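Open the structure in your viewer and keep the selection tool at hand. The tour goes from one selection to the next.

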Amino acid sequence: MMKAERGLIAVIGAGPAGAMAAYLLAAKGKAVLMLDDDRPSPDRVEMLPPRASMAFRACGLGSVLDDPIIAVPCLGIIRQGAVEDRHDFISQPGGHGFAVHRPSFDAAIRTAAIASGACHLRGRLVAIEDDCDDLFTLRIAATDRSTRVGAQTIIDASGRAASAARRLGAKVTTLERLLAERFIHDEAPDPWLHFMGDTEGWRYTMTGPQGRRDAWRIAAPLRGQVRVDMVDASARWLTPTAGHRWIAIGDAACAFDPICCQGLAHATSSALAAAGMIVQGGTVLESAAYAYDVACRETAARTEIERRVVYAYMRRDREATV
């Protein structure tokens with residue numbers, strides 16, 4: 001068993017939420033272990049909204065967004081149909097969001113976390129034991145060996161799997177199962193995120209760094225049409241999202257339908273919330289866990305209402321064009 005440092009924080013997952021939390025805590029002098037299961041980051045372009053972009057700059061990660069290989073400006077959202085709906089970012093802080101290339105984006109935040117002092121361990125979480133002396137014991141299958149780590153606090157940033165939180169008794173509720181598949185997009189590069197209704201669901205297109213054009217269809221899976229190249233895009237949430245000395249962030253806490261454009265924004269905001277409560281309280285206290293869980297449920301419920309409004313809008317669009 002690895003010797004446990006007093007106050008060690010184990011971050012399970014090294015995607016944008018986990019790496020952001022590890023960076024923030026390590027920068028504050030906390031002992032952080034960032035567990036990376038070595039899965040490749042999603043090979044796609046995603047949108048970072050203006051407010052989340054401002055949070056990145058406030059945390060000292062502005063250089064990530066200033067690198068044209070990682071991010072390019074996104075001017076807003078266009079929903080195309082019988083009537084075009086254009087949501088311009090110009091009135092929001094910074095005047096625009098960003099289209100980011102996820103593999104490059106994730107790698108840059110991980111690098112920042114390691115540079116700030118986070119210990120980076122490649123391996124897979126196998127089990128968690130909650131000891132009586134306020135210590136979690138994590139069993140990890142590392143690259144070349146198995147090891148045990150003692151940690152005071154756990155941050156679950158393992159994505160939709162919520163692998164740590166589920167081992168601690170949390171449950172995942174799926175609101176709607178959705179799958180995404182990439183399709184060929186030959187239109188000219190455009191600094192906007194475009195949404196369009198589709199026969200079975202909807203689709204979107206974006207232009208990312210170096211002119212990369214990314215296009216995806218999202219729909220409920222049909223029997224016999226599920227393939228290995230499809231990506232899980234289900235709307236789901238975790239109950240609870242936090243407890244005594246542990247917290248789930250990013251997709252592990254709430255995973256949103258991509259039409260809500262909440263993925264990277266939620267990863268950023270939840271990482272900030274987790275780091276803030278740990279810096280202030282030394283760990284995740286029960287009162288802070290309860291307040292965070294309430295906030296996550298309210299966000300998920302509000303987003304679900306907005307999602308249904310957008311879907312109804314697209315259905316009316318399809319009917320108007322028939």
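A pocket here is an open set of grid points with protein on both sides within 12 Å along at least five of seven lines, and its lining residues have an atom within 4 Å of a point. Keep in mind that this is a predicted model.

**Stop 1: the second largest pocket**

Select Pro49, Cys260, Cys261, Gln262 and Glu306. These residues lie nearest the centre of the second largest pocket, which has 24 lining residues. The space in the second largest pocket is about 560 Å³.

Now colour the elements around the second largest pocket. Helix H2 (50-58), strand S5 (76-80), helix H6 (263-281) and H7 each give at least two residues to its lining. Which element has the largest share of this lining? H7 does, with 5 residues.

**Stop 2: the largest cavity**

How many cavities of 30 Å³ or more does a search of the whole structure find? The search finds 2. The largest cavity holds about 80 Å³ of space. Select Leu175, Ala235, Phe256, Ala300 and Glu304: of the 13 residues that line the largest cavity, these are the closest to its centre.

Next, show the elements in that lining. Strand S18 (235-239), strand S21 (254-255) and helix H7 (286-321) each supply at least two residues. H7 gives the most to the lining of the largest cavity, with 4 residues.

**Stop 3: two backbone details**

Follow S18 to the loop between S18 and strand S19 (242-243), where Pro240 sits. Select Thr239 and Pro240. Is the peptide bond between them cis or trans? The bond from Thr239 to Pro240 is cis, with omega near -10 degrees.

Move on to Ala162, in the loop between strand S11 (153-156) and helix H5 (163-167). Check its backbone angle. Phi of Ala162 is near 45 degrees, a positive value in a residue other than glycine. For context, most residues other than glycine have a negative phi, and most peptide bonds are trans.

**Stop 4: a charged patch**

Select Arg124, Arg166, Arg167 and Lys171, which form a positive surface patch. Arg124 belongs to strand S8 (residues 119-130).

Terms used
Residues numbered from 1 in each chain as written. Predicted model: local features only at pLDDT ≥ 70, side-chain atom pairs only at ≥ 80, totals over all residues. Heavy atoms only, no water. Patch = residues over 30% accessible without salt bridge, like charges linked within 9 Å, V, L, I, M, F, W, Y side chains within 5 Å. Areas by Shrake-Rupley, 256 points an atom, 1.4 Å probe, with all protein chains shown as cover. Salt bridge = Lys/Arg side-chain N within 4 Å of Asp/Glu carboxyl O. Lys, Arg positive; Asp, Glu negative; His and termini not counted. Charge placed at Lys NZ, Arg CZ, Asp CG, Glu CD. 1 Å grid on protein atoms, 1.4 Å probe; cavity = no way out; pocket = protein on both sides within 12 Å on 5 of 7 lines; lining within 4 Å. Points joined across faces, edges and corners; volume = space filled by probe spheres on them.
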